[in-house]
Amino acid sequence: MNTASRLTFTLRLTSIAALLATLGLWLATGAHLGWTRTSKVIVRHDEITGIDFPVREKTFVAGVEILAAGTAFAAALAGTSLLSSRRRAVRA
Amino acid sequence: MNTTTLRTSLRLALILGSVSLVAASAAPQSFDFKDPKGVNNVHFKLDAPLESITGTATGITGTVAFDPAAPAVTTGRIVLDTKSLTVGNPVMGEHLHGAHWLDVAKYPTIAFDAEKLANVRVQGAQTLADVTGKLTVKGVTREITVPVTFTYLAGKLGARLGDDKIKGDLLVLRATFEINRSEFNIMPGQATDKVAENIVLSLAIAGAAPRS
């Protein structure tokens with residue numbers, strides 16, 4: 001495998017890895033369809049007053065913008081690899 | 001001093017004492033809403049066609065003068081620290097606090113001054129009323145009327161603080177109402193597809209009135 005072929009292969013492999021990693025992260029944190037969240041609210045109950053009150057806890061929930069950015073990055077890598085292989089084909 | 005003068009003085013002292021006792025028992029209690037337990041909260045929701053935003057705020061202070069025997073004369077002021085307004089997304093939170101939206105650096109508080117009560121109904125320990133007052137948001141003051149439920153919990157302060165030696169009462173206020181952000185100069189008429197014009201506010205707060 002020459003250098004150009006190795007580059008194309010590496011780009012495609014990285015593209016697939018980026019896509020899978022992004023998708024995996026998004027699914028693992030709950031497939032949230034809104035924006036990314038860095039905290040979540042847990043509702044607790046005060047027995048004496050009867051008030052339900054929120055307690056904010058730190059968490060990470062990947063949103064659609066992370067999914068979009070990861071997919072765009074993977075697509076860019078895949079596109080670059082296609083361009084690279086086409087150039088090689090034209091030269092040959 | 002003869003007997004008549006002594007009797008008159010005693011009667012006067014008795015009358016004055018009775019009057020001051022009645023006045024003391026009829027005087028409204030002052031409930032402090034600064035909450036060391038962090039329970040007091042305001043929940044807000046903006047439901048726009050493209051986005052639903054929910055958040056909470058806990059930085060609540062203020063005092064309310066409430067007399068369970070005469071709830072109609074309730075007055076008070078509740079203040080919210082705008083920096084305590086939080087949403088789940090940190091970028092959205094920065095926008096919310098920023099100069100375009102709430103501008104918390106310039107307007108650090110949201111305040112409601114209760115002036116009069118109407119339609120007062122007592123249901124057991126609860127008093128329901130329509131409270132009219134002045135709401136100040138982002139420097140704009142408007143008169144609004146809010147349906148409020150007052151729950152008077154006599155002698156419950158010690159139980160809440162986990163120390164039965166502490167004597168005092170609690171007053172819980174609950175209210176849900178809507179305001180229009182354009183009326184308070186919060187980006188009027190802009191980005192309405194993502195940030196709803198109407199903000200639904202749900203308030204649940206408890207104030208304490210210690211007794212010596």
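Start by selecting A:Asp46, which is buried, with a relative accessible area of 7% (buried means under 20% relative accessible area, exposed over 50%, partly exposed in between, with a 1.4 Å probe and protein chains only). Before you go on: this is a predicted model, where local features need pLDDT of at least 70, side-chain atom pairs count only at pLDDT 80 or more, and totals for chains, interfaces and linings use all residues. Residues are numbered from 1 along each chain as its sequence is written, chains are lettered from A and ligands numbered from 1 in the order in which they are written, and side-chain values use heavy atoms, with hydrogens and water left out.

**Stop 1**

B:Lys37 counts as partly exposed, at 41% relative accessibility.

Next, pick B:Arg160 in helix H3 of chain B (helices, H or I with at least four residues, and strands, E with at least two, are DSSP runs numbered from the N terminus). B:Arg160 also has a salt bridge with A:Asp46, with the closest N and O atoms 3.7 Å apart. At 6% relative accessibility, B:Arg160 counts as buried.

**Stop 2: the whole interface**

Select everything where the chains touch: 23 residues from chain B and 15 residues from chain A (contact means heavy atoms within 4.5 Å). Together the chains bury about 1,400 Å², 59% of it on carbon and sulfur atoms (buried area is the accessible area, with a 1.4 Å probe, that two parts lose on being put together, summed over both). Highlight B:Val39, B:Gly88 and B:Asn89, which supply 30% of the area that chain B buries against chain A, more than any other three residues.

**Stop 3: inside chain B**

Show the largest nonpolar core, which has 45 residues; B:Phe33 and B:Leu171 are among those touching the most other members (such a core is a set of buried Ala, Val, Leu, Ile, Met, Phe, Trp, Tyr and Cys residues joined through side-chain atoms within 4.5 Å). Strand S10 of chain B gives the largest share of this core, five residues.

**Last stop: B:Arg77**

Finish with B:Arg77, which forms a salt bridge with B:Asp113, the closest N and O atoms being 2.8 Å apart. The two sit 36 residues apart, in strands S5 and S7 of chain B.

Note on methods: A salt bridge is a side-chain nitrogen of Lys or Arg within 4 Å of a carboxyl oxygen of Asp or Glu.
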